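Have the viewer open beside you as you read along.

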Amino acid sequence: MNDMNINFNNMKYKITCADVKGLPVTDLPEIVISGRSNAGKSSLINALASSNKLARVSSKPGKTREIIYFDLDGKALVADLPGYGYSAASKEVTAKFSDLCDNYFRCGRKISLVLFLMDIRRTPSEEDIGMLEYLNNAGIPYIMVLTKCDKFSNAEIRKQLGILSDYFDFKDEALVFAVSSKDKKGINDLKSAISGIISAD
Ligand SMILES: Nc1nc2c(ncn2[C@@H]2O[C@H](COP(=O)(O)OP(=O)(O)OP(=O)(O)O)[C@@H](O)[C@H]2O)c(=O)[nH]1
Ligand SMILES: [Mg+2]
C-alpha cells in the first residue's frame, strides 16, 4: 500500500458551514464523518488528532449543528457533520439539520471517504440502514466505525459484529473497525486505513 504518511496530529480547524453554498472550494480529498447524534463523531476527530479540544463534544445529542471542516495535514479535509436522528430539538431545527446533511450528500461534492459511525451498543436505526444503502448504491467508499467499544468486552464486540452482519449487507471490501476514542483502542489501525484509502484516491 502506498501510504502517504498523514500526520494526524497536524489537524486544524478550517471553517464552519451552515449551508452547502458555503462549502470550501478544494482539490483535496474529503473525508466525511457521519452517523446519528451522539455516536461519537466529534470525539473521534479529537482521538484521531490526539487532541481533546479540536472538535466540540457534548453528552447532549445535537451538539454539532453545522458542517465543521478541519484541514488534515494539508492532505485532506475532514468534515464533521451534524448527527441525524436527533428529535429533542424543535421540529424546525431537526429539519434544518437533516436538510443540511441531505443537501451535503446531494450537492455533487466529490467525497473520497465516509467514516460511518455507530455506537457499538446500539441497534442500527432505520436512518443508519438507509445511510449504508445510500453509500453502497452511490459507490462512495466508506469505513464502518463502531464507537465506544470501551463499553463492551471483546466477547460482546464479537457478538455485536455477528448481529450487525445480519442487518447490513457488508460488501466484500467493506471495512469495519471497533474503536474507542476514550481509551484509543483501534485508533491507530483506523488511521492506517484512512491513509491507505486517501493515498490511493
Ligand atoms: N465511553 C465512551 N464515550 C464516548 C466515546 N466517544 C464519545 N463518547 C461520548 O459520547 C457523547 C457524544 O460524543 P460526541 O463526540 O459529541 O458525539 P457526536 O456524534 O459528535 O454528537 P452530535 O454532534 O450531537 O451529533 C459524549 O458524552 C462523549 O464523551 C468513547 O469512545 N467511549
Ligand atoms: Mg458532534
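**Entry 1: a loop lysine.** I began with Lys184, which lies in the loop between β7 and α5. Helices here (H or I, at least four residues) and strands (E, at least two) are DSSP runs, numbered from the N terminus. Lys184 is not a glycine, yet its phi is positive, about 70°. For the cut-offs, buried means under 20% relative accessible area, exposed over 50%, and partly exposed in between, with a 1.4 Å probe and protein chains only.

**Entry 2: ground rules.** I noted that this is a predicted model, where local features need pLDDT of at least 70 and side-chain atom pairs count only at pLDDT 80 or more, while totals for chains, interfaces and linings use all residues. Residues are numbered from 1 along each chain as its sequence is written, chains are lettered from A and ligands numbered from 1 in the order in which they are written, and side-chain values use heavy atoms, with hydrogens and water left out.

**Entry 3: the overall layout.** I counted five helices and seven strands in the protein chain. Reading from the N terminus, I get β-β-α-β-β-α-β-α-β-α-β-α. Of the 201 residues in the protein chain, 47% are buried. I also looked at contacts (heavy atoms within 4.5 Å). Among those between residues at least 6 apart in sequence, 75% join residues at least 24 apart.

**Entry 4: strand β4.** How many of the five residues of β4 are buried? Five of the five in β4 (residues 76-80) are, so the strand is largely enclosed by the rest of the structure. I sorted the directions next: Ala76, Val78 and Asp80 point one way, Leu77 and Ala79 the other.

I then looked for partners, where two strands pair if DSSP finds at least two bridges between them. Strand β2 (residues 30-35) pairs with β4 in the parallel sense over four bridges, and strand β3 (residues 67-72) pairs with β4 in the antiparallel sense over five bridges. Leu77 is worth a click: it is the bridge partner of Glu30 and also of Asp71. The hairpin of β3 and β4 has three residues between the strands, and there Asp73 takes a positive phi near 55°.

**Entry 5: strand β6.** I found six of the six residues of β6 buried, so β6 too is largely enclosed by the rest of the structure. Tyr142, Met144 and Leu146 point one way from β6, and Ile143, Val145 and Thr147 the other way. β5 and β6 run parallel and are joined by six bridges; Leu117 stands opposite Val145 in β6.

**Entry 6: Gly40 and Lys148.** Gly40 sits in the loop between β2 and α1 and counts as buried at 15% relative accessibility. What does Gly40 touch, not counting residues up to four places away in sequence? I get Leu117 and Lys148. Gly40 and Lys148 are 108 residues apart along the chain, with their C-alpha atoms separated by 7.6 Å. Lys148 lies in the loop between β6 and α4 (154-167), and its phi is positive, near 60°.

**Entry 7: two helices.** I looked at α1 and found seven of its eight residues buried, among them Leu44, Ile45 and Leu48. Ser50, which follows α1, has a positive phi near 50°.

For α5 (residues 187-200) I ran a length check. The expected span is 1.5 Å times one less than the number of residues. Its 14 residues should span 20 Å, and the end C-alpha atoms are 20 Å apart, which agrees. Its buried residues include Ile187, Leu190, Ile194 and Ile198. What covers the buried residues of α5 includes β2, α1, β5 (113-119), β6 (142-147) and β7 (175-178).

**Entry 8: the largest cavity.** To close, I asked which residues line the largest cavity. They are Phe8, Met11, Ile31, Ile33, Leu48, Leu72, Val78, Leu115 and Ile194. On a 1 Å grid over the protein atoms alone, a cavity is a set of points where a 1.4 Å probe fits but cannot get out, and lining residues have an atom within 4 Å of a point.

How values were computed:
On a 1 Å grid over the protein atoms alone, a cavity is a set of points where a 1.4 Å probe fits but cannot get out, and a pocket is an open set with protein on both sides within 12 Å along at least five of seven lines; lining residues have an atom within 4 Å of a point.
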